[in-house]
Amino acid sequence: MDVTREDSMLTALELVAPGSPLRLALEHIIAARTGALVVIGDEENVDSLSNGGFEINAPFTPQRLFELAKMDGAILLSTDAACIRRANVHLMPNPALPTSETGMRHRTAERVSRQTEALVISVSQRREVVSLYQQGRCVTLEKIDVIIAKANQALQTLERYRNRLDEVFEHLTALEFEDLVTFGDVAVVVQRMEMFRRVAREVNRHVIELGTEGRLVRLQADELAAGCDEEYQMLARDYVRDPGPRKGSTVLTRMGALTHDQLLDSSAIAVAFGYGSKADADELHVRPRGYRLLHHISALPTSVMNRLVERFGSLPGLLEATDEELDAIDGVGTRRAHAVADGLRRMRERVVL
């Protein structure tokens, strides 16, 4: 997945989400069956493809854009869409650029998006459809009720994934306390976490598309996703082969780049974690460093957590440490030493196999 392109399109969808000034203008254009071609940003390159028209340089308002759309030609907006720069512009992109569109307005829109970094919005006069073009990619705006239905379905999937994710995390925790973890056990949790995150991104896209209509969906999604990113980060730090300070984030980036098929292959996960493509990676005995479980102990600063892991090396080492040994670590003290020992003991009792 091209994360940069995806983020760019999400920004575009947010710009035209229900409740935004630009969406209001587009709704006026559709209601009047006028049609329009609006180009936002990349001013220098867009101007090089422009001919004719006239300068406007006026603050954007929905009514102004609606009135200007009654004329032929494109309307050019500033990068932040706060200013209407020009109107009645004839765009002349390279005709040799490939396009899958048939209508003249949409063909122009796709080609301009391929030749520049601009967001191009095409409103079909006949079909009453709004299409967004960016870097040659096209997204068609859907009706609110359709998006809400998709968002609710995705939320249900997200809830099921969260329940299963909690189960595999609890099982992993039990194995960690017994020092019985294999990389295959870690891979199962990673697979579930990545599936959860990918569905969460889909829900987030629906929330952005819904704009002001998506508040309830956002609240439900935020509740389901609470704490997951931190848990995943700590898991990566626990099991990445190289314990460098930034290796955990590197692992998450590698995992995010895997395709769905690669994600189901535990050897690909082993490579992402730095273990190489070993055929027996699933059976490899691994020990957590203890970051994830220490993260669940309240009032434990990250700096202190790092020093505990550096001193004891692994979760088994932490479990064997006495209160006096914990107290001796810089920044721990008697109160935190007791909190660490007691917190780990309580977690162990909760997940006894």
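**Pocket lining and helical core**

The lining of the largest pocket splits by class into 13 nonpolar, 6 polar and 4 charged residues (nonpolar means Ala, Val, Leu, Ile, Met, Phe, Trp, Tyr, Cys and Pro; charged means Asp, Glu, Lys and Arg; the others, Gly among them, are polar). This is a predicted model, where local features need pLDDT of at least 70, side-chain atom pairs count only at pLDDT 80 or more, and totals for chains, interfaces and linings use all residues. Residues are numbered from 1 along each chain as its sequence is written, and side-chain values use heavy atoms, with hydrogens and water left out.

Reader: Which element gives the most to the lining of the largest pocket?
Author: β1 (36-40), β4 (74-77), β5 (83-91) and α5 (104-115) each put in at least two residues (helices are DSSP runs of H or I, at least four residues, and strands runs of E, at least two, numbered from the N terminus). With 4 residues, the top contributor is α5.

Reader: Within what arc do the buried residues of α10 fall?
Author: The buried ones are Gly248, Val251, Leu252, Met255 and Gly256 (buried is under 20% relative accessible area, exposed over 50%, partly exposed in between, with a 1.4 Å probe and protein chains only). Looking down the helix axis, and taking directions from that axis to the C-beta atoms, they line one face of α10 because they fall within an arc of 135°.

Reader: What does valine 251 touch, not counting residues up to four places away in sequence?
Author: Valine 251 sits in helix α10 and is buried, with a relative accessible area of 1%. Contact here means heavy atoms within 4.5 Å. On that basis its partners are Ala236, Val240, Ala272 and Phe273.

Reader: How far apart in space are valine 251 and methionine 104?
Author: Methionine 104 is one of the lining residues nearest the centre of the largest pocket. In sequence, valine 251 and methionine 104 are 147 residues apart. C-alpha to C-alpha, their separation in space is 45 Å.

Technical notes. 1 Å grid on protein atoms, 1.4 Å probe; cavity = no way out; pocket = protein on both sides within 12 Å on 5 of 7 lines; lining within 4 Å.
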